[in-house]
Amino acid sequence: MTKAALLIEPGQPLSIETVQIADCGPHEVRIRTAACGLCHSDLHFIDGAYPHPLPAIPGHEAAGIVEAVGSEVRTVKVGDAVVTCLSAFCGHCEFCVSGRMSLCMGGDTRRAAGSAPRITRPDGSLVNQMLNLSAFAETMLVHEHACVAIDPDMPLDRAAVIGCAVTTGAGTIFNACKVTPGETVAVVGCGGVGLATINAAKIAGAGRIIAADPVPEKRALAMKLGATDVVDAMDGDAAKQILELSKGGVDHAIEAVGRPASAALAVASLRRGGTATILGMMPLSEKVGLSAMDLLSGKKLQGAIMGGNRFPVDIPRLVDFYLRGLLDLDSIVAETIPLERINEGFDKMKKGDAARSVIVFDQ
C-alpha cells in the first residue's frame, strides 16, 4: 500500500488516501517517489478545465529511486536515481523514429485494455493513471520509457522540476526554437516554465532576454535567472515596450502562461521573420492566430508540447548543467512541502506570486 493524493471530483481538494500499486509488468519500473513539483498543468485537471477519467492521481514532475524493474527493462536498474517525464514514448512509431519523440501518443507504454490496472484502491476499484505517471504518490509504476537515470549526485528535490517545467522551457529554447547566440527572446509568463525558459535562453547565449509578467516578484526572479529586461505584461503598451527594447521586435517570443492575451502579446512582440511559440495550456475552445500582415512579414506560430524534448538525452544534460552551476533550479523551487500540504500548495499557486512548490516525501 502507498499513500497518494487522489482527484475524486473536479473543483474539490485532493484526497489523501492509500492505494495499491501492482507488480511490475515486463517493461515497467516501480519507483519510490522522492519529490514531485506542483505544476499548473495539474491544476487544469483539478479545476476541471481539462477532462480526465476519475478518480485519478495527478502529478507528473517527479524524481525518485528505482525499487523494482520488469523482466524486459534494459534502460534503468534497481537503485538508480531517475527523473520521470509525462511524454512516454513507444520507440517505434513514425514520430519516434523521425526524432519527434514528444509527439508520440505512447499507447504501447500503457497496459492493454482488459489487463489488470496499475493502481487500485484497497477494495480493488480502478484508480486512473494520469499523464503516464501519477506522481503525487509515494510509489509510481511506469513504463521504462517514462523515466531516465540521472547522476546520483543530483539532489532529487531539484531534479523533480526538470521532469516538466525545465524540460519544457529548456527544450523550447534548445529544440523547438534552436536559439543561437545573439538572438533576442521574449518570455511571457514567469512561472516555473517561463523561468526555466529564461535560464535556458541565457545558457544558449541569447543577446537580449525580455521577461513579461504582471507580478513584481516574478519579474525580479526573471532578472536573477538571466533576463536582461522586464516588462509588466498587463501594461497596455507592453508590446510596444518589448519592440522598443529589442529595437524592432524579438526573434523568438515564448508564451508560458496559457492565456489568449499572453499569446497575443507574444505574437505582437515579434520582428519580421520571428517565431512565436505557445507552451501554455489554454482553454480548449481558444484559438491563436497570425494576421495577414504577420504572414506577409514572414512571422511564424508554433506549439511545442513539452518543449519538443528528447528527454532520455535532454534530462541528463540538464542535470549536468545544474551540477556545473549553469542551470539555477534553486531559484525556481520556492518551497518544499509534505504531501499532506498539497492543497495548500495549489491554493498558493492560484495566487500566482511564487515559483515552484515541490512535495518532498518522508518530510
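Colleague: By class, what does the lining of the second largest pocket have?

Modeller: The lining has four nonpolar, seven polar and three charged residues, where Asp, Glu, Lys and Arg count as charged, Ala, Val, Leu, Ile, Met, Phe, Trp, Tyr, Cys and Pro as nonpolar, and the others, Gly among them, as polar. A pocket here is an open set of points on a 1 Å grid over the protein atoms alone, where a 1.4 Å probe fits and protein lies on both sides within 12 Å along at least five of seven lines, and a lining residue has an atom within 4 Å of a point. Please keep in mind that this is a predicted model, in which local features need pLDDT of at least 70 and side-chain atom pairs pLDDT 80 or more, while totals for chains, interfaces and linings use all residues. Residues are numbered from 1 along each chain as its sequence is written, and side-chain values use heavy atoms, with hydrogens and water left out.

Colleague: OK, which residues lie nearest its centre?

Modeller: Of the 14 residues that line the second largest pocket, R100, S102, A176, G307 and G308 lie nearest its centre.

Colleague: And which domains does that lining draw on?

Modeller: Domain 1 (2–163 + 333–360) and domain 2 (169–304) each give at least three residues to the lining of this pocket, with the domain bounds coming from an automatic or database domain assignment.

Colleague: How far apart do the two domains' C-alpha centres lie?

Modeller: The C-alpha centres of domain 1 and domain 2 are 29 Å apart, and the contact (heavy atoms within 4.5 Å) takes 11 residues from domain 1 and nine residues from domain 2.

Colleague: How many salt bridges are there between domain 1 and domain 2?

Modeller: The count between domain 1 and domain 2 is zero, taking a salt bridge as a side-chain nitrogen of Lys or Arg within 4 Å of a carboxyl oxygen of Asp or Glu. By this rule the count comes to 20 salt bridges, and in one of them the side chains of D229 and R208 meet at 2.7 Å, N to O. That pair links distant parts of the chain, 21 residues apart, with D229 in strand β13 (residues 229–231) and R208 in strand β12 (residues 208–212); strands are DSSP runs of E, at least two residues, and helices runs of H or I, at least four.

Colleague: Changing topic, where is the cis peptide bond with omega of about 0°?

Modeller: That bond joins L54 and P55, and P55 is found in the loop between α1 (40–47) and β4 (56–57).
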